[in-house]
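Thanks for coming. I have a few minutes on one structure, so let me put it on the screen and then go through some local features and the ligand site.

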Amino acid sequence: MSRLRKSLPEGVDPSRLPPGQYNTRRFPVLHVGTTPKVKLDRWDFKVDGLVQNPVSWSFEEMTSLPRVERLCDIHCVTKWSKFDTLWEGIAVADVLSRIEVLPQATHVMVIAEHGFTSNLPIGDFDRPENLFALRYDGADLAPDHGWPMRLVVPHLYFWKSVKWVRGLRFMEGDQPGFWERNGYHMRGDPWAEERYWGD
Ligand SMILES: Nc1nc2c(c(=O)[nH]1)N[C@H]1C(S)=C(S)[C@@H](COP(=O)(O)O)O[C@H]1N2
Ligand SMILES: [Mo]
């Protein structure tokens, strides 16, 4: 039996593991800076840039949107992957249905507490499996994993899944976010091993 096979949970299809990744059952915590102390009564979710109707939603408004569940595999650029992670939250598609994005917008900057950012092409952002997660594995998100809300974009490396998310800015053309300015790839497709600049 190959090493790759042995590192996978029983019965998991090895084709689910992208090149250069290993499987873990743990849930490592990775971020720059400290975990923000979020106050829900001062929390808002702002959408601006190239939109017809900039919005600012309170936590109550945001969390009154319909809930969805998603089961997905996640892949970190530091080479761990985790299978069958269960999230509950608000579908990105549902948020987008309430915003009129202008036709010239091509990318979105996802904005978090402490000014953390990550950039995505709109085509990677507007996918049915993406969600703004409020809960993981049946419980509210842990503060370290992004409480009260994080983005989950399972088909790209996990640094695009912005924790403590607070807003979106729609842009014409691409701009690097925090990790993308510091050596990470602009897109981050794990299946193409788009890890760092020049990959
Ligand atoms: N706000 C914020 N979100 C972030 C980060 C960060 O530094 N700040 N790091 C990213 C990186 S590099 C990874 S690998 C994942 C880790 O998520 P986890 O700690 O829940 O495993 O969060 C991503 N989201
Ligand atoms: Mo990461």
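Start with the loop between strand E9, residues 139–140, and strand E10, residues 150–152; Pro-148 is found there. This is a predicted model, so please take everything I say as computed from that prediction. The peptide bond joining Trp-147 and Pro-148 is cis, with omega at about 10°.

Lys-79 is not a glycine, yet its phi is positive, near 95°. For background, most residues other than glycine have a negative phi, and most peptide bonds are trans.

Now the ligand. Where does ligand 1 sit? The space that ligand 1 takes is the largest pocket. That pocket holds about 440 Å³ of space. Its lining consists of 27 residues, and those nearest the centre of the pocket are Leu-30, His-31, Val-32, Lys-163 and Trp-179. Sorted by class, the pocket lining has 16 nonpolar residues, eight polar and three charged.

Next, the shell around the ligand itself. There are 19 residues surrounding ligand 1, and the closest are Pro-28, Val-32, His-145, Arg-150 and Lys-163. By class, this shell divides into 14 nonpolar, three polar and two charged residues.

Which atoms of Pro-28 and Arg-150 approach the oxygen atoms of ligand 1? For Pro-28, a backbone N or O atom lies 2.6 Å from an oxygen atom of the ligand. For Arg-150, a polar side-chain atom lies 2.7 Å from an oxygen atom of ligand 1. On the nitrogen side, a polar backbone atom of Ser-161 is 3.2 Å from a nitrogen atom of ligand 1. How much of ligand 1 does the protein bury? Taken alone, ligand 1 exposes 530 Å², and the protein buries 98% of that.

Note on methods:
Residues are numbered from 1 along each chain as its sequence is written. Chains are lettered from A and ligands numbered from 1 in the order in which they are written. This is a predicted model: local features need pLDDT of at least 70, side-chain atom pairs count only at pLDDT 80 or more; totals for chains, interfaces and linings use all residues. Side-chain values use heavy atoms; hydrogens and water are left out. On a 1 Å grid over the protein atoms alone, a cavity is a set of points where a 1.4 Å probe fits but cannot get out, and a pocket is an open set with protein on both sides within 12 Å along at least five of seven lines; lining residues have an atom within 4 Å of a point. Grid points are joined across faces, edges and corners, and a volume is the space filled by probe spheres set on the points. Ala, Val, Leu, Ile, Met, Phe, Trp, Tyr, Cys and Pro count as nonpolar, Asp, Glu, Lys and Arg as charged, and the others, Gly among them, as polar. A residue is near a molecule or strand if one of its heavy atoms lies within 4 Å of it. A polar contact is a pair of N or O atoms within 3.5 Å; within protein, one must be able to donate a hydrogen and the other to accept it, and residues adjacent in sequence count only if both atoms are side-chain atoms. Accessible areas come from the Shrake-Rupley method with a 1.4 Å probe; for residues, only the protein chains shown count as cover. A molecule sits in a cavity or pocket if more than half of its atoms lie within 2 Å of its grid points. Helices (H or I, at least four residues) and strands (E, at least two) are DSSP runs, numbered from the N terminus.
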